[in-house]
Amino acid sequence: MSVSTVALDHGAEASKVVSSCQVCANGDLKPVLFLGYMPPVNQMRMIGQVPAEQPSYPTNLLFCEKCELVQLGLSVDPRILFPPGYPYTSGTTRILRENFAELHRESCEMLGLKPEHLVIDIGSNDGTLLANFKEHGHTVLGIEPTDVGKLAQQRGIATVIQYFGPEVARKVRAEYGPARVVTATNCFAHIEDVHAITDGIIQLLGDKGVFISESHYLIGLLDRLQYDTIYHEHLRYYSLRSLRNLLERHGLEVFHARHIPTHGGSIRVYAARKGDYPVQTSVEQIIRTEPRGPEMVERLQRFRREVMLSKLHLLGMLADIKAKNARVCGISAPSRASTLVTYLGLDDAIVDYVVEIKGSLKIGKYMPGTLIPVVEESRLFED
Ligand SMILES: [Zn+2]
């Protein structure tokens, strides 16, 4: 079944409006920002394909004053967001490879991991993270909903290709035993039923088991005006406070946290069952710097205004460039480029093409919702 057929079959009924907070069920969510209606960022049509009907989804950011979670107002059907042909591989990004090698070093050192300890990665993608643990003799298992998991299998990394949830957790626990470490990098904000996911993760954890998550960091997003990282895969935008609130509901205690550079600024958070590990000062150090309550409301209002001004500024720049008959092309087509293109209303009359490095699965396709082609980067040098 093709991606577009999936969208047409399931799109209308399976996406859900978020009418109460995903973490605390508070029904009084405050609107923060509306970026308009966007196509799913990973559905890219082949160049030359005649434009046909295409779904698009509202992209509105909401704030829960009770648990401080910033979240999207629509949860799009995961079969649309993460189709089997999902074109994202983490192994192609240098900063991610370096980060995962560093995560391996840090966790082994801090937790005294031994080869017999099982390490499970949720949303394991092409196995780039687990490869580090496997090289050092650990037993590893990936869980990945898309066909990208087959790339990991080809590298010899055991991978269950399924959407993660309590049912899969039960099966994995029965078959592979308890995990010492469960990781979820850049996906803990993506899966709709966050309570089921957290319960599933706890089921996987054995004695002194540790859950390590990496998530794009809300405060960095606000400070660096990264509104382009807002798209439908990212259902939740965590501060350390809101993430800690969530984990505490499940009896997990955050005992270490730090800033990491991936995805333009993320946080790595270590959590375990309460009392298993001493809580390090790093946690309070980060939390102290985060706006809270009315301060956060004010901060989000300021963000909304800054996003609007940024759009007008960029459009003004483009107007000047195009008035001089100059050409514009884009470098790299990550999902976030799609938010930028859609929010600004860029099209193929403004942007000639977007380049990607050789081997990217996005080459030969159009930027989502446009007729801007994605081409190999050598084109830029030829031109
Ligand atoms: Zn809430």
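## Strands, cysteines and a surface patch

A search of the whole structure finds zero disulfides, a disulfide being a pair of cysteine sulfur atoms within 2.5 Å. Such a link is a covalent bond between the sulfur atoms of two cysteines. This is a predicted model, in which local features need pLDDT of at least 70, side-chain atom pairs count only at pLDDT 80 or more, and totals for chains, interfaces and linings use all residues. Residues are numbered from 1 along each chain as its sequence is written, and side-chain values use heavy atoms, with hydrogens and water left out.

Cys 67 is buried, at a relative accessible area of 4%. Cys 329 is partly exposed, at 28%. Here buried means under 20% relative accessible area, exposed means over 50%, and partly exposed lies in between (1.4 Å probe, protein chains only).

Strand 14 covers 329–331. Strands here are DSSP runs of E with at least two residues, and helices are runs of H or I with at least four, both numbered from the N terminus. Three strands form an open sheet in the order 14-15-16, with parallel pairing. Strand 14 and strand 16 (374–376) are the edges; each has a single partner strand, so one side of each lacks a neighbour in the sheet. From one strand to the next, the twist averages 35°. Angles of this kind run from 0 to 180 degrees between N-to-C directions, with axes as lines fitted to C-alpha atoms, for helices over the stretch in contact. Strand 14 and strand 15 (residues 353–356) are joined by three bridges. Two strands count as paired if DSSP finds at least two bridges between them. Ile 331 sits opposite Val 355 in strand 15.

Next come the antiparallel strands. Strands of a sheet pair through backbone hydrogen bonds, either parallel or antiparallel. Strand 12 (residues 252–260) and strand 13 (residues 266–273) run antiparallel, joined by eight bridges. Ala 257 faces Val 269 across this pair. Arg 258 stands opposite Arg 268. The two strands make a hairpin with five residues between them, and His 263 in the turn has a positive phi of about 55°.

How many residues of strand 12 are buried? Seven of the nine are, so strand 12 is largely enclosed by the rest of the structure. Strand 13 is also largely enclosed, because seven of its eight residues are buried. Strand 13 pairs with strand 10 (residues 205–216) too, in the antiparallel sense over seven bridges. There, Phe 211 has Ala 271 in strand 13 as its bridge partner.

Another open sheet has four strands in the order 2-3-4-11, with antiparallel pairing. Its edges are strand 2 (30–38) and strand 11 (236–237); each has a single partner strand, so one side of each is left without a neighbour in the sheet. Strand 3 (residues 57–63) and strand 4 (residues 70–72) pair over three bridges. Phe 63 has Val 70 in strand 4 as its bridge partner.

Finally, the surface. Leu 309 lies in helix 11 (residues 294–323). At 39% relative accessibility, Leu 309 counts as partly exposed. Met 308, Leu 309 and Leu 312 form a nonpolar surface patch with about 260 Å² of accessible area together.

Key:
Patch = residues over 30% accessible without salt bridge, like charges linked within 9 Å, V, L, I, M, F, W, Y side chains within 5 Å. Areas by Shrake-Rupley, 256 points an atom, 1.4 Å probe, with all protein chains shown as cover. Salt bridge = Lys/Arg side-chain N within 4 Å of Asp/Glu carboxyl O.
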